[in-house]
Each structure stands twice: as structure tokens, then as C-alpha cells.
Amino acid sequence: MAPVTVGRERRYLLCEPRYFELAYVINPWMRQDSPVDRNRALEQWHELVRVYRELGHTVDLVEPVPGLPDMVFAANGGLVLDGKALGSRFHAPQRQPEALEFSRWFKENGFPVVTPEETCEGEGDLVPVGPDILAGYGFRTSTTAHISAQEYFGRPVISLRLVDPFFYHLDTALFALDDTTIAYYPEAFSPGSRAALRRRYPDAVIATRADAMALGLNAVSDGRHVLISPGATELIGRLTERGYVPVPVDTSELLKAGGGIKCCTQEIRIA
Ligand code: ARG
């Protein structure tokens, strides 16, 4: 196995779950009969921020807005690459006002913003890996937005079809370990997309359904440390074997809304 490269310092944008609740149901993880404990969500989220900072990463914060409970899932608010932002256009009407909040943050922090004409849920479905952008469609982001991303960033976009409603965003089924390696759950993809991933990433780390159902693929890697759901035991073992350093962080309260570590984290890439 190729040795793991050293981790790189990253900049992440997060949003405190100050107004987190289950006010609507827009994915199979959300059940209005399982109320959330907001204090627990806040504790878990603060622990996530603490771990990022302890590892030497920069954490930026966007101000949460009352009535926008899913704003904690900052990954969906855009994609910042090469110092410029692709804004979001949310699928669910309940989330649409979030786009403005994230766009404002981008502008105030010096990132020009362009927003696609069709549904685009930021890093939820657009996952940069080295020079490429892996892009999910089937539930949220439209393929038209994939084309917008390719034109805007001038980077190759590889469209991948998601087929399992539990893995409605690409970042629930796949994550980048570093610039050349990914981990993913093959059954979340159509046969053609699965084959495309196999060809492109023959050395990928493969996750089991149990790992994926623990949202183990909703993980964040700095190239060395991998912040990951503690429930993804099999995957944690495989990552360790490959020389990565898994750092379990429990975000189980946020999982009730269908999100995990990565959903809470938007990476801000300057270069
Ligand atoms: N309730 C949110 C939604 O359905 C969860 C978003 C999770 N974010 C993510 N990047 N997968 O939109």
C-alpha cells in the first residue's frame, strides 16, 4: 500500500446548531416522531470544532438564523475552490433561504459567488478530489449544475448517479482521503457510476453498508487524520490498515436530520 501523505492544514466553515430542530422531513433519516435534543447536538458540534482546532485547522463560522434548522449542514451552502465560490440553490423550499446566508458569508470574506440556475447543494454533491470534482445527482443536485461547476472552475467534473435514498447526497456515500484516494460505498451508485469509480480509483477504500448506515462516509480527512463516525467500525479498521489516523467524533444527534461530520463542514479552498 502507498504510504499516507502528511495531513495538510485546512480551513473549514461551520454553523452552530443554535436553532437545530426537526421541523420538516426531506430525507429518509428524518422522522418527526424522534425529537432531537438540541443541547446534545450543540455539545457534539462544539466537540467537532474543538477537534478541528486541536488538529491545527482553521474554523470559520457563519451566523445561524432562526427558522433555518438545517443551516448546521454548512457543506450544502456552496463549494469554494481556487478562492471562488459556487453558490447553492436548494432542492427543498424549506432550505432555500440558506443560500443567501452562505452567499453573504462568501462575499463578506472575499470570495466571488456565482450561483447555478438549477438545484445545486454545494459540497453535499460536489466533492473535489485532486484536480477533479466528483459530482452526485439523482436526488438533489442537477447535472446542469455539474456542467456549471466544470465551466466555472475549469476542472473536470465526473457525474455519478446516486440510487439509494438513504445516500441522497454524494457526501453520504463517498469522501476524499487525499488528492488521489477516496473511500466509498459502491451500492449507493448506479452500475455504470460504480464501474467508473472502480476504474478511476482502483485503490479506493471500500465501505460496507453498515459503515455507510453509520454515516461513516460522511467523514473529513486532512490527508492523514480522518474525522469519522465512531459507528463505522469496519471502515475505521480499513483506514487504520492503510495508514490513516481515524479520529472518531460522535454527531449522532445531527444524524437524526440525516447529516454527519462532513455535512457540518464546508472546506474553504483558497488555492
Ligand atoms: N436535513 C438535511 C437535508 O436533507 C441534511 C443535509 C445533510 N448534509 C449533507 N451534506 N449530506 O438537506
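How many helices and strands are there in the protein? The protein has seven helices and 15 strands, where helices (H or I, at least four residues) and strands (E, at least two) are DSSP runs numbered from the N terminus. This is a predicted model, in which local features need pLDDT of at least 70 and side-chain atom pairs count only at pLDDT 80 or more, while totals for chains, interfaces and linings use all residues. Residues are numbered from 1 along each chain as its sequence is written.

**View 1. The buried residues of helix 2 and what covers them.** In helix 2, which spans residues 98-108, the buried residues are Glu 98, Ala 99, Phe 102, Trp 105 and Phe 106 (buried: 20 or more other C-beta atoms within 10 Å of the residue's own, with C-beta atoms placed from the backbone). Because these residues cover an arc of only 130° around the axis, they lie on the same side of helix 2, the arc being that of the directions from the helix axis to the C-beta atoms. Their cover includes strand 3 (78-81), strand 4 (84-87) and strand 5 (113-114).

**View 2. The residue Gly 110, which follows helix 2.** The phi of Gly 110 is positive, near 85°.

**View 3. The shell around the ligand.** The ligand is surrounded by 16 residues, of which Phe 73, Gly 124, His 169, Gly 259 and Cys 263 are the closest; a residue is near a molecule if its C-beta atom, placed from the backbone, lies within 6 Å of it. The shell divides into six nonpolar, seven polar and three charged residues, with Ala, Val, Leu, Ile, Met, Phe, Trp, Tyr, Cys and Pro counted as nonpolar, Asp, Glu, Lys and Arg as charged, and the others, Gly among them, as polar.

Technical notes: Buried ≥ 20, exposed ≤ 12 C-beta atoms within 10 Å, placed from the backbone. Contact = placed C-beta atoms within 7 Å.
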